[in-house]
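Please examine the sequence and the structure shown below.

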Amino acid sequence: MTTTSPALSTALDVEKIRKEFPILHQTVNGRDLVYFDNAATSQKPLVVINALTEYYKGYNANIHRGIHTLAEKATKAFEQTRLTAKEYINAKSEQEIVFTRGVTESINLVASSYGRTFIKEGDEIIVSELEHHSNIVPWQFVVEEKNAVLKVIPVTDRGELDLDAYRKLLSSKTKIVSVNHASNSLGTVNPIKEIIRLAHEVGAVVFIDGAQAGAHLDIDVQDLDCDFYTVSAHKMYGPTGAGFLYGKKALLEKMPPYQGGGEMIKEVTFKKTTYNDLPHKFEAGTPNIADVVAFRYAMDFITETGRAAMAAHEHNLLQYATERVSRLKGVNLVGTAPEKVSVFSFTVDGIHPFDIGQMLDARGIAVRTGHHCTQPLMDRYGIEGTVRASFAVYNTKKEIDQLVEGLERVINFMK
Amino acid sequence: MDINDIQEEIISEFSLLDSDMEMTVFYIMELGQKLPVMDDALKTEENVVKGCQSKVWLTANLDDDKISFSADSNTAITKGLVSLLIRIFNGQSPEAILNANLYFMQKIGMERFIGTQRSNGFASMIKQMKWYALAFKTKLEVKS
């Protein structure tokens, strides 16, 4: 469990942080907005919003090959985000950071480029029952095309990966293991260091989907020794449509390009094209310059606020919500692993998650309801979906009280 | 009462809720709770309305040249919304249902509280009810 020292949990001035997020200060259906859908996308602080407008107002230009001043300025800002990303996850080199549209594109890139090149008939790819559809479907494409096999690590009743079962799945046939760092439906933080170590023992490469970890957990790709890691900016207080893929240089070098076009080439003739160096080989076409530029400010916001202090605050919220909501009549918590990010999933006996979501929205509270793009996981628990509240640095205990009040009203009405 | 009279009745009931979202949602769920129970045997895959995000079952009967619908849903709000349609269409002739112009949704500001996904589902329910009306109308014409 994330350690909560009192010094850290009081270190954050949440009211001051809230002022940095203009969107929070509005009413929805006549009440103050309570935004608990952060696992889907987090809100953006002023530094990020300003970075976007400043880019378009001051130095919008296409990057890398322009010789004029604006192009140079835009290129510098774009590449600065790569340096920040490298530091953020402690990669060895900025050449290991490839900008993508986000986690989904990163997984598709590796599945398509690495998977299609190195997976052969009969090889095995391992995912887990906890995965988002976007960490299942791209691997299914590879498996179908190559006549390979997809294996699945089961989860326990509490929502943890069954590591004994995982050990049994591993063999010399295993070529790729792809799991998330933290689950979007249950919040479970997976023991990825151990998962990676075990996979490497059989010679498999490991892909880590960091969508739910990027804003909440410390990430050190060298210490983890993972082969690929990916995050999405928009779940880290950054803009939508940007993210990055980390890949070990040796692996990225032997992978063929994912898309063809400008930027990714060194020289083109009609006979033969040679590809650009890393990371540009994987960045065909004009990238999402503005959002990548602004992404840096989102990472800086997290680093300056302090990842440990943020995690401690969110952990307090999770604990408080768990205590208060689990006492309500008919509530079943879904996912009770000891180590979790601030994702809080539950069902209520006899009340459909949609109805709860709608009732809460009527009181200005934004939660997510449904299967959260993890249908196999919902099947595992024999449920159609859950209500999911997910917390960010700007959320407060008072907001959780409002959630509890809203839930009490629905439960009383429906009984 | 004809279809438009019932629509007007619904509009005036909703106007009492004074656009308060929470009261409106509670009211819709209450309407759903009052919907006559649908026989479980009728809740078959065949009777599921396609295009709804929630599960909705719908069947219809013809009694004395008038249609009566029976429905249920796995979500309380959807059930409430279906109950509004049933209240409008039950006891009407196939002809009246086919020619009906439903305008109460706009008047009560339904989009505001059901969202795009449910709006599409709601349209599917109406379409399904009109299909039943068309089928019964054809049946009546063949008989006569």
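How many Å apart do the C-alpha centres of domain 1 of chain A and domain 2 of chain A lie? In this predicted model, the two centres are separated by 28 Å. Domain 1 of chain A consists of residues 6–44 together with 307–414, while domain 2 covers residues 49–303.

The two domains also touch: 27 residues of domain 1 of chain A make contact with 31 residues of domain 2 of chain A. On the domain 1 side, at least two residues each come from α12 (307–326), β14 (343–348), α14 (375–381) and β17 (386–390) of chain A. Of these elements, α12(A) gives the most, with four residues. Sorted by class, this side of domain 1 of chain A holds 11 nonpolar, nine polar and seven charged residues.

The backbone deserves attention next. Most residues other than glycine have a negative phi, and most peptide bonds are trans. Against this background, a cis peptide bond joins Leu278(A) and Pro279(A), with omega at about -5°. Pro279(A) belongs to the loop between β12 (273–275) and α11 (289–305) of chain A.

For Asp64(B), phi is about 55°, and the residue lies in the loop between β1 (56–63) and β2 (66–73) of chain B.

Is Asp64(B) buried or exposed? Asp64(B) is exposed, because 7 other C-beta atoms lie within 10 Å. Cys373(A) has 17 other C-beta atoms within 10 Å and is therefore partly exposed.

Technical notes:
Residues are numbered from 1 along each chain as its sequence is written. Chains are lettered from A and ligands numbered from 1 in the order in which they are written. This is a predicted model: local features need pLDDT of at least 70, side-chain atom pairs count only at pLDDT 80 or more; totals for chains, interfaces and linings use all residues. Domain bounds come from an automatic or database domain assignment. Two residues are in contact if their C-beta atoms, placed from the backbone, lie within 7 Å. Ala, Val, Leu, Ile, Met, Phe, Trp, Tyr, Cys and Pro count as nonpolar, Asp, Glu, Lys and Arg as charged, and the others, Gly among them, as polar. A residue is buried if 20 or more other C-beta atoms lie within 10 Å of its own, exposed if 12 or fewer, and partly exposed in between; C-beta atoms are placed from the backbone.
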